[in-house]
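Please open the structure in your viewer and keep the sequence beside it.

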Amino acid sequence: MIRRVNAPSLFPPPTYAHASVVEAGTRLAFLAGAVPLDAKGEIVGPDDPVRQAEQVIANLREQLAAVGSDVAHVVATDVYVVSGEPSVLSAVWEVVESSGLSTGPHSSTLLGVACLGYTGQLVEITATAVVPEREGGR
């Protein structure tokens, strides 16, 4: 259903794929950015990008479950981090790697940005996932 591809002429990616190919007829879910808010709408982990990344992954898992998918079926992500420091981006990426998202591995882009939508927000992840067929149909 999902084929991960790395271009042999390019530098091999450490924990992601250059591309993910999904067969036609497969259901896809395009998720809005997962953000570091708790159930009350409050920022989790103020000034802590790693803690925010953990909350974002937890929220992403909830979004995926709501559409009948999970992190193993994510084919692409964009990871946004409010920082220009490679060490901060790397720390957030370690959270992404340990979450199971890179198991595929999925295709991903990691970006340092100036700001995100909520006051105090440091991390956001958008995702595209395959919604697997359930027993007995969709």
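**Before starting**

The model is a predicted one, in which local features need pLDDT of at least 70 and side-chain atom pairs count only at pLDDT 80 or more, while totals for chains, interfaces and linings use all residues. Residues are numbered from 1 along each chain as its sequence is written, and side-chain values use heavy atoms, with hydrogens and water left out.

**Stop 1: the whole chain**

Please display the protein as a cartoon. Two helices and six strands make up its secondary structure; helices (H or I, at least four residues) and strands (E, at least two) are DSSP runs, numbered from the N terminus. Followed from the N terminus, the order of elements is β-β-β-α-β-α-β-β.

Next, show the C-alpha atoms alone. Along the principal axes, these atoms fill a box of roughly 45 × 40 × 20 Å.

How far apart in sequence are the residues that touch? Contact means heavy atoms within 4.5 Å. Among contacts between residues at least 6 apart in sequence, 73% join residues at least 24 apart.

**Stop 2: the surface**

Of the 138 residues, 37% are buried. Here buried means under 20% relative accessible area, exposed over 50%, and partly exposed in between (1.4 Å probe, protein chains only).

**Stop 3: the nonpolar core**

Select Leu60, Leu64, Val79, Leu101 and Ile125. Within the largest nonpolar core, which has 24 residues, these five touch the most other members. Strand 3 (27-34), helix 1 (49-66), strand 4 (74-82), helix 2 (86-98) and strand 6 (123-131) are the elements that give two or more residues to this core. A nonpolar core is a set of buried Ala, Val, Leu, Ile, Met, Phe, Trp, Tyr and Cys residues joined through side-chain atoms within 4.5 Å. In soluble globular proteins, nonpolar side chains tend to be buried together.

**Stop 4**

Centre the view on Leu60, in helix 1. Is Leu60 buried or exposed? Its relative accessibility is 0%, so Leu60 counts as buried. Not counting residues up to four places away in sequence, Leu60 touches Leu31, Ala34, Leu101, Ile125 and Ala127.

Move on to Leu101. With neighbours within four places in sequence left aside, the contacts of Leu101 are Ile57, Leu60, Val71, Val74, Thr77, Val96 and His106.

**Stop 5: Ser99**

Select Ser99, which lies in the loop between helix 2 and strand 5 (107-113). Ser99 has 9% relative accessibility and therefore counts as buried. Beyond its neighbours within four places in sequence, Ser99 is in contact with Ile57, Arg61 and Val71.

**Stop 6: Thr126**

Go to Thr126 in strand 6. At 21% relative accessibility, Thr126 counts as partly exposed. Leaving aside neighbours within four places in sequence, Thr126 has contacts that include Leu31, Ala32, Gly33 and Ala76.

**Stop 7: two loop residues**

Select Asp47, in the loop between strand 3 and helix 1. Asp47 is exposed, with a relative accessible area of 75%. Its phi is near 65 degrees, a positive value in a residue other than glycine.

Finally, select Ala72, in the loop between helix 1 and strand 4. Ala72 counts as partly exposed, at 44% relative accessibility.
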